[in-house]
Amino acid sequence: TIKMVNLLKFKKKASYEDGRETDLTGEEAYRIYAHEVSTIHLPKVGGSIIFSGKVSRLLIGEAEELWDMVAIAEYPNKMKFLITMFLILHISMQIK
C-alpha cells in the first residue's frame, strides 16, 4: 500500500486561482474539498483517509510555525495513487 501524508496550513481567507469571490476560510474550503475527495474519488480506487487531525504541538524538535492539520490517505498500490492524482489534477484544471 501507499500512504500519502498531507501537511496542511490554512489561509485566513480562502482564495481560488480562477479569482472567484468567497467568504470561506481556508479551512472551510479545504473541508469541502476533503469531503469530495474522501467520499467520491478515493473510494473509486480503493483508497481512504486513515487519519486526520489538528496539529497542536510538536513531540520533539522545534519549528517557527506549526502546521494546522495533518491527514494521511492510503491507496492500495502505486497505480491507484497515480490515477487519483491525475483525476484530481484534471478536475482542478477544468475549474480554472
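**Asking how we know**

Modeller: Let's start with Met85, which is partly exposed, with a relative accessible area of 27%. Bear in mind that this is a predicted model, where local features need pLDDT of at least 70, side-chain atom pairs count only at pLDDT 80 or more, and totals for chains, interfaces and linings use all residues. Residues are numbered from 1 along each chain as its sequence is written, and side-chain values use heavy atoms, with hydrogens and water left out.

Biologist: Why is Met85 called partly exposed?

Modeller: Buried means under 20% relative accessible area, exposed means over 50%, and partly exposed is in between (1.4 Å probe, protein chains only). Met85 has 27%, so Met85 is partly exposed.

Biologist: Where does Met85 lie, and what does Met85 touch?

Modeller: Met85 lies in helix 2. Not counting residues up to four places away in sequence, Met85 touches Met4 and Tyr75; contact means heavy atoms within 4.5 Å. Met85 and His41 are 44 residues apart in sequence, with 9.8 Å between their C-alpha atoms.

Biologist: What makes His41 buried?

Modeller: His41 has 8% relative accessibility, so His41 counts as buried. His41 is found in helix 1, and its side chain makes a polar contact with the side chain of Glu36, at 3.1 Å.

Biologist: How do you know that the pair His41 and Glu36 is a polar contact?

Modeller: A polar contact is a pair of N or O atoms within 3.5 Å; within protein, one must be able to donate a hydrogen and the other to accept it, and residues adjacent in sequence count only if both atoms are side-chain atoms. The side chains of His41 and Glu36 come to 3.1 Å, and the pair is a polar contact.

Biologist: Which helices and strands does the chain have, and in what order do they run?

Modeller: The protein chain has two helices and three strands. From the N terminus on, the order is β-α-β-β-α. Helices (H or I, at least four residues) and strands (E, at least two) are DSSP runs, numbered from the N terminus.

Biologist: Thr1 and Thr84 next. Why is Thr1 called exposed, and why does Thr84 count as buried?

Modeller: Thr1 has a relative accessible area of 67%, so Thr1 is exposed. Thr84 has 2% relative accessibility, so Thr84 counts as buried. Thr1 is found in the segment before strand 1 (2-8), while Thr84 has its place in helix 2 (residues 78-95).

Biologist: Which residue is 76 residues from Thr1 along the chain, with its C-alpha atom 4.9 Å away?

Modeller: That's Asn77. Asn77 has its place in the loop between strand 3 and helix 2, and the side chain of Asn77 reaches the backbone nitrogen of Lys80 at 2.8 Å.

Biologist: What makes Asn77 partly exposed?

Modeller: The relative accessible area of Asn77 is 33%, so Asn77 is partly exposed.

Biologist: Which residues make up the largest nonpolar core?

Modeller: There are seven: Val37, Leu42, Val45, Ala73, Tyr75, Phe81 and Ile88. Helix 1 (26-44), strand 3 (69-75) and helix 2 are the elements that give two or more residues to this core. Apart from it lies another core, of five residues, including Leu8, Phe10, Tyr30 and Met69.

Biologist: What makes a set of residues a nonpolar core?

Modeller: A nonpolar core is a set of buried Ala, Val, Leu, Ile, Met, Phe, Trp, Tyr and Cys residues joined through side-chain atoms within 4.5 Å. Ile88 is one of the seven residues in the largest core, and Ile88 touches Tyr33 and Val37, not counting residues up to four places away in sequence.

Biologist: How many residues does the protein chain have, and what share of them count as buried?

Modeller: The protein chain has 96 residues, and 22% of them count as buried.
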